[in-house]
Amino acid sequence: MKKFIIGALLLLVGISGFSFNFFDFLTFAAGLVPILMIIGGSLAVYLGIEELKQSDNNDNEAKIKSAHTQEDELNKESTGEPESKIKPVPDTQSTKPAQETEIKIEEKHADKQQEEDEHAEEKTPPLPTASSQVTEPPAPEEAGPASASVQFKGNIETLVFHSVACNFANGKNCSMNFTTKEEAETQGYKPCKICMPDA
(Lines give C-alpha, C1' and ligand atoms only; values in the text may rest on other atoms or scores of the structure.)
Protein backbone atom coordinates (compact mmCIF):
# COMPACT_ATOMS: atom_id res chain seq x y z
CA MET A 1 0.00 0.00 0.00
CA LYS A 2 2.87 2.34 0.77
CA LYS A 3 4.23 1.87 -2.75
CA PHE A 4 0.89 2.87 -4.27
CA ILE A 5 0.67 6.04 -2.20
CA ILE A 6 4.28 7.02 -2.97
CA GLY A 7 3.71 6.37 -6.71
CA ALA A 8 0.54 8.48 -6.76
CA LEU A 9 2.25 11.40 -4.95
CA LEU A 10 5.19 11.34 -7.37
CA LEU A 11 2.78 11.29 -10.33
CA LEU A 12 0.89 14.37 -9.01
CA VAL A 13 4.10 16.30 -8.31
CA GLY A 14 5.48 15.39 -11.76
CA ILE A 15 2.32 16.51 -13.62
CA SER A 16 2.10 19.77 -11.67
CA GLY A 17 5.82 20.46 -12.19
CA PHE A 18 5.46 19.75 -15.92
CA SER A 19 2.50 22.14 -16.23
CA PHE A 20 4.28 24.94 -14.32
CA ASN A 21 7.57 24.49 -16.21
CA PHE A 22 6.17 23.58 -19.64
CA PHE A 23 8.07 26.34 -21.42
CA ASP A 24 11.32 25.31 -19.77
CA PHE A 25 10.63 21.73 -20.96
CA LEU A 26 10.12 22.96 -24.54
CA THR A 27 13.41 24.85 -24.38
CA PHE A 28 15.15 21.69 -23.12
CA ALA A 29 13.49 19.57 -25.85
CA ALA A 30 14.50 22.11 -28.50
CA GLY A 31 18.13 21.78 -27.37
CA LEU A 32 17.88 17.98 -27.14
CA VAL A 33 16.57 17.42 -30.73
CA PRO A 34 19.83 18.44 -32.53
CA ILE A 35 21.88 16.24 -30.19
CA LEU A 36 19.62 13.27 -30.94
CA MET A 37 19.86 13.98 -34.69
CA ILE A 38 23.70 14.03 -34.51
CA ILE A 39 23.75 10.72 -32.62
CA GLY A 40 21.22 9.13 -35.01
CA GLY A 41 23.09 10.37 -38.10
CA SER A 42 26.41 9.06 -36.80
CA LEU A 43 24.84 5.67 -36.08
CA ALA A 44 23.32 5.53 -39.57
CA VAL A 45 26.65 6.40 -41.21
CA TYR A 46 28.46 3.73 -39.15
CA LEU A 47 25.88 1.07 -40.08
CA GLY A 48 26.08 2.10 -43.74
CA ILE A 49 29.87 1.72 -43.77
CA GLU A 50 29.60 -1.74 -42.17
CA GLU A 51 27.01 -2.76 -44.78
CA LEU A 52 29.30 -1.59 -47.60
CA LYS A 53 32.22 -3.58 -46.15
CA GLN A 54 30.05 -6.68 -45.85
CA SER A 55 28.81 -6.36 -49.44
CA ASP A 56 32.41 -5.93 -50.68
CA ASN A 57 33.42 -9.09 -48.78
CA ASN A 58 30.48 -10.98 -50.30
CA ASP A 59 31.47 -9.77 -53.78
CA ASN A 60 35.08 -10.90 -53.24
CA GLU A 61 33.92 -14.31 -51.99
CA ALA A 62 31.63 -14.66 -55.00
CA LYS A 63 34.53 -13.81 -57.34
CA ILE A 64 36.78 -16.36 -55.64
CA LYS A 65 34.08 -19.04 -55.83
CA SER A 66 33.49 -18.33 -59.50
CA ALA A 67 37.25 -18.54 -60.15
CA HIS A 68 37.38 -21.91 -58.36
CA THR A 69 34.39 -23.23 -60.31
CA GLN A 70 36.06 -22.13 -63.56
CA GLU A 71 39.26 -23.95 -62.53
CA ASP A 72 37.22 -27.03 -61.65
CA GLU A 73 35.50 -26.91 -65.02
CA LEU A 74 38.86 -26.60 -66.81
CA ASN A 75 40.24 -29.51 -64.78
CA LYS A 76 37.10 -31.51 -65.54
CA GLU A 77 37.64 -30.92 -69.24
CA SER A 78 41.33 -31.84 -69.09
CA THR A 79 41.27 -34.74 -66.59
CA GLY A 80 37.63 -35.68 -66.26
CA GLU A 81 37.56 -34.86 -62.53
CA PRO A 82 37.20 -31.55 -60.65
CA GLU A 83 40.30 -30.28 -58.81
CA SER A 84 38.71 -30.94 -55.43
CA LYS A 85 38.29 -34.63 -56.28
CA ILE A 86 41.80 -35.15 -57.68
CA LYS A 87 43.73 -37.22 -55.18
CA PRO A 88 46.97 -35.64 -53.97
CA VAL A 89 50.18 -37.46 -54.81
CA PRO A 90 51.58 -39.02 -51.63
CA ASP A 91 54.94 -37.74 -50.47
CA THR A 92 57.20 -40.75 -50.87
CA GLN A 93 60.35 -38.77 -50.08
CA SER A 94 59.53 -38.65 -46.36
CA THR A 95 59.03 -42.42 -46.14
CA LYS A 96 62.10 -43.47 -48.15
CA PRO A 97 64.79 -42.77 -45.50
CA ALA A 98 62.97 -44.84 -42.88
CA GLN A 99 62.51 -47.72 -45.33
CA GLU A 100 66.15 -47.54 -46.42
CA THR A 101 67.31 -47.61 -42.81
CA GLU A 102 65.04 -50.58 -42.07
CA ILE A 103 66.33 -52.51 -45.07
CA LYS A 104 69.97 -51.67 -44.25
CA ILE A 105 69.47 -52.98 -40.71
CA GLU A 106 67.86 -56.16 -42.06
CA GLU A 107 70.70 -56.70 -44.51
CA LYS A 108 73.38 -56.07 -41.85
CA HIS A 109 71.68 -58.62 -39.63
CA ALA A 110 71.49 -61.06 -42.53
CA ASP A 111 75.19 -60.50 -43.35
CA LYS A 112 76.17 -61.21 -39.73
CA GLN A 113 74.05 -64.34 -39.74
CA GLN A 114 75.69 -65.53 -42.96
CA GLU A 115 79.18 -64.87 -41.52
CA GLU A 116 78.27 -66.90 -38.45
CA ASP A 117 77.02 -69.71 -40.68
CA GLU A 118 80.24 -69.61 -42.72
CA HIS A 119 82.34 -69.81 -39.55
CA ALA A 120 80.27 -72.78 -38.37
CA GLU A 121 80.79 -74.52 -41.73
CA GLU A 122 84.54 -73.91 -41.55
CA LYS A 123 84.68 -75.60 -38.14
CA THR A 124 82.91 -78.75 -39.33
CA PRO A 125 85.15 -81.10 -41.33
CA PRO A 126 84.11 -81.76 -44.93
CA LEU A 127 82.50 -85.10 -45.67
CA PRO A 128 84.63 -87.50 -47.66
CA THR A 129 83.54 -87.91 -51.27
CA ALA A 130 84.22 -90.49 -53.91
CA SER A 131 86.66 -88.24 -55.68
CA SER A 132 89.50 -86.51 -53.91
CA GLN A 133 88.55 -83.14 -55.30
CA VAL A 134 85.62 -81.32 -53.85
CA THR A 135 83.55 -79.83 -56.62
CA GLU A 136 82.04 -76.48 -55.83
CA PRO A 137 78.85 -75.30 -57.43
CA PRO A 138 79.37 -72.45 -59.88
CA ALA A 139 78.98 -69.00 -58.39
CA PRO A 140 75.84 -67.09 -59.38
CA GLU A 141 77.93 -64.70 -61.48
CA GLU A 142 79.43 -67.62 -63.42
CA ALA A 143 76.10 -69.14 -64.36
CA GLY A 144 76.72 -68.37 -68.02
CA PRO A 145 74.14 -67.23 -70.56
CA ALA A 146 71.24 -67.71 -68.13
CA SER A 147 72.59 -64.82 -66.01
CA ALA A 148 72.18 -62.48 -68.96
CA SER A 149 68.39 -62.66 -68.53
CA VAL A 150 68.51 -62.11 -64.74
CA GLN A 151 66.28 -59.20 -63.85
CA PHE A 152 66.04 -59.65 -60.07
CA LYS A 153 68.32 -60.81 -57.26
CA GLY A 154 67.00 -62.35 -54.06
CA ASN A 155 68.50 -62.06 -50.59
CA ILE A 156 68.55 -65.59 -49.18
CA GLU A 157 68.44 -64.41 -45.56
CA THR A 158 65.73 -61.72 -45.63
CA LEU A 159 63.77 -63.26 -48.55
CA VAL A 160 63.57 -59.87 -50.25
CA PHE A 161 64.23 -59.58 -53.98
CA HIS A 162 65.66 -56.49 -55.69
CA SER A 163 65.95 -55.30 -59.27
CA VAL A 164 69.44 -55.64 -60.71
CA ALA A 165 69.82 -51.84 -60.69
CA CYS A 166 69.04 -51.57 -56.93
CA ASN A 167 71.94 -50.74 -54.59
CA PHE A 168 70.96 -53.63 -52.33
CA ALA A 169 71.17 -56.20 -55.15
CA ASN A 170 74.96 -56.28 -54.77
CA GLY A 171 74.91 -57.53 -51.15
CA LYS A 172 76.68 -60.79 -50.37
CA ASN A 173 73.40 -62.50 -49.42
CA CYS A 174 71.76 -61.63 -52.77
CA SER A 175 72.69 -64.89 -54.46
CA MET A 176 69.34 -66.02 -55.87
CA ASN A 177 68.65 -64.98 -59.46
CA PHE A 178 65.17 -64.55 -60.91
CA THR A 179 64.03 -63.63 -64.39
CA THR A 180 60.53 -62.47 -63.37
CA LYS A 181 58.80 -61.04 -60.30
CA GLU A 182 56.35 -63.92 -60.34
CA GLU A 183 59.17 -66.46 -60.12
CA ALA A 184 60.57 -64.71 -57.03
CA GLU A 185 57.15 -64.38 -55.40
CA THR A 186 56.34 -68.07 -55.95
CA GLN A 187 59.51 -68.97 -54.05
CA GLY A 188 58.39 -66.85 -51.09
CA TYR A 189 60.39 -63.69 -51.75
CA LYS A 190 58.93 -60.21 -51.12
CA PRO A 191 59.67 -57.21 -53.37
CA CYS A 192 62.08 -54.52 -52.16
CA LYS A 193 60.23 -51.39 -51.03
CA ILE A 194 62.98 -49.10 -52.32
CA CYS A 195 63.41 -50.22 -55.92
CA MET A 196 59.80 -51.46 -56.33
CA PRO A 197 57.65 -49.25 -54.04
CA ASP A 198 54.45 -49.81 -56.03
CA ALA A 199 54.76 -53.63 -55.91
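**A helix face and the fold beyond**

A: Isoleucine 39 is found in helix α2 (helices are DSSP runs of H or I with at least four residues, strands runs of E with at least two, numbered from the N terminus). This is a predicted model, in which local features need pLDDT of at least 70 and side-chain atom pairs 80 or more, while totals for chains, interfaces and linings use all residues. Residues are numbered from 1 along each chain as its sequence is written, and side-chain values use heavy atoms, without hydrogens or water.

Isoleucine 39 counts as exposed because its relative accessibility is 53% (exposed is over 50%, buried under 20%, partly exposed in between, with a 1.4 Å probe and protein chains only). Helix α2, residues 22-79, gives the patch its largest share, nine residues.

Elsewhere, the largest nonpolar core has twelve residues, among them Phe152, Cys166, Phe178 and Cys192 (buried nonpolar residues joined through side-chain atoms within 4.5 Å). Cysteine 166 touches Cys192 and Cys195, leaving aside residues up to four places away in sequence (contact is heavy atoms within 4.5 Å).

Four strands form an open, mixed sheet ordered β3-β1-β2-β4 (pairing takes at least two DSSP bridges), and its edge strands are β3 (174-178) and β4 (190-191). Strand β1, residues 152-155, pairs with β3 in the antiparallel sense over four bridges, and lysine 153 has asparagine 177 of β3 as its bridge partner.
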